[in-house]
Amino acid sequence: MPTASVPLNLVDVTLEYPDGEGTIKALDRVNLTVQAGQMVSLVGPSGSGKSSLLAVAATLVRPTRGQVLIDGTDAIGLGDRERTALRREAIGIIFQQPNLLPSLTAAEQLIIGDHLRGRSAKAAEAEAAKMLDVVGLASSAGKRPHQLSGGQRQRVNIARALMGRPKVLLVDEPTAALDHERSDSIVRLLRRVTDEFGVGTVMVTHDTEFVPLTDAVATMRDGRLAAAVPTAA
Ligand code: ADP
Ligand code: MG
């Protein structure tokens, strides 16, 4: 039972990029396990490998060595099609910029990517309505991005990431474009959806102030990840 229910498990992951004559190690034998309902903060200086870790965990970048287990499935061993399907079913990705399509309403942002999951249009509409409600935007379902605040756009982004009922949420600097109050409410929302949906969440943040809202903090330095430390809270 245990391993199959672990949303995210990175085992001895090394990622090298070509760098002139040699290579640069963006990740150096990284190990990270995230349990269901657990939220881990990932901190560290710029260039230390935080985004690289998320890209590997998202199965968007294949590591040079090591294992990436998503909900117990070895993502590295899969072919492109299966890996894409695994990503769509099991992983929610939230980046700093929401990347919403300007002409679509909040509800349509959620529905448009969903047909790939093989759900009926009606079921997708119902799911979109539910997820917009979860993020507190039920009454803004018909609004387009320019009619929403920065914080509301990030909420649409979070709702969209939840559409596939992911096991893993990967979040890169979700508050970098927001003021303090909105940042606080976005991190609290991520905390709540982590609990409510039992996802394993990794959040890259430069804002150590929000770390106490998470269960553990892991620090990256030069591609090395120190073991996650439980937060005091
Ligand atoms: P962080 O998110 O902590 O700022 P990154 O993961 O973006 O760090 O980068 C880690 C290291 O890998 C840096 O030295 C960066 O320059 C390098 N790097 C990141 N992406 C690429 C890439 N696509 N090609 C080459 N080097 C990269
Ligand atoms: Mg980064």
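User: Which residues are around ligand 1?
Analyst: In this predicted model, the residues around ligand 1 are Tyr17, Ile24, Ala26, Pro45, Ser46, Gly47, Ser48, Gly49, Lys50, Ser51 and Ser52. A residue is near the ligand if one of its heavy atoms lies within 4 Å of it.

User: How many of the shell residues are nonpolar, polar and charged?
Analyst: The shell has 4 nonpolar, 6 polar and 1 charged residues. Ala, Val, Leu, Ile, Met, Phe, Trp, Tyr, Cys and Pro count as nonpolar, Asp, Glu, Lys and Arg as charged, and the others, Gly among them, as polar.

User: What does the side chain of lysine 50 do with ligand 1?
Analyst: An N or O atom in the side chain of lysine 50 is 2.8 Å from an oxygen atom of ligand 1. A polar contact here is a pair of N or O atoms within 3.5 Å.

User: And which backbone distances go with serine 51 and glycine 49?
Analyst: For serine 51, a backbone N or O atom lies 2.9 Å from a ligand 1 oxygen atom. For glycine 49, a polar backbone atom is 3.0 Å from an oxygen atom of ligand 1.

User: How much of ligand 1 does the protein cover?
Analyst: On its own, ligand 1 has 560 Å² of accessible area, and the protein covers 60% of that. The areas come from the Shrake-Rupley method with a 1.4 Å probe.

User: Which element gives the largest share of the shell?
Analyst: That is α1, with 3 residues. The elements giving two or more residues are β2 (22–34) and α1 (50–57). Helices (H or I, at least four residues) and strands (E, at least two) are DSSP runs, numbered from the N terminus.

User: Switching to the sheet. What is the strand order?
Analyst: It is an open sheet of 4 strands, β2-β1-β4-β5, with antiparallel pairing. Two strands pair if DSSP finds at least two bridges between them. The edge strands are β2 and β5 (73–74), each pairing on one side only.

User: How many bridges join β1 to β2?
Analyst: There are 9. Tyrosine 17 has isoleucine 24 in β2 as its bridge partner, and both residues are in the shell around ligand 1. The two strands form a hairpin with 2 residues between them, and glycine 20 in the turn has a positive phi of about 60°.

User: Where does α1 lie?
Analyst: Helix α1 lies across β1 (8–19), β2 and β4, running at about 120° to β1. Axes are lines fitted to C-alpha atoms, for helices over the stretch in contact (heavy atoms within 4.5 Å), and angles run from 0 to 180 degrees between N-to-C directions.

User: What are the ground rules for numbering and confidence?
Analyst: Residues are numbered from 1 along each chain as its sequence is written, and chains are lettered from A and ligands numbered from 1 in the order in which they are written. Local features need pLDDT of at least 70, side-chain atom pairs count only at pLDDT 80 or more, and totals for chains, interfaces and linings use all residues, while side-chain values use heavy atoms, with hydrogens and water left out.

Terms used
Polar contact = N/O pair within 3.5 Å; in protein donor to acceptor, adjacent residues only side chain to side chain.
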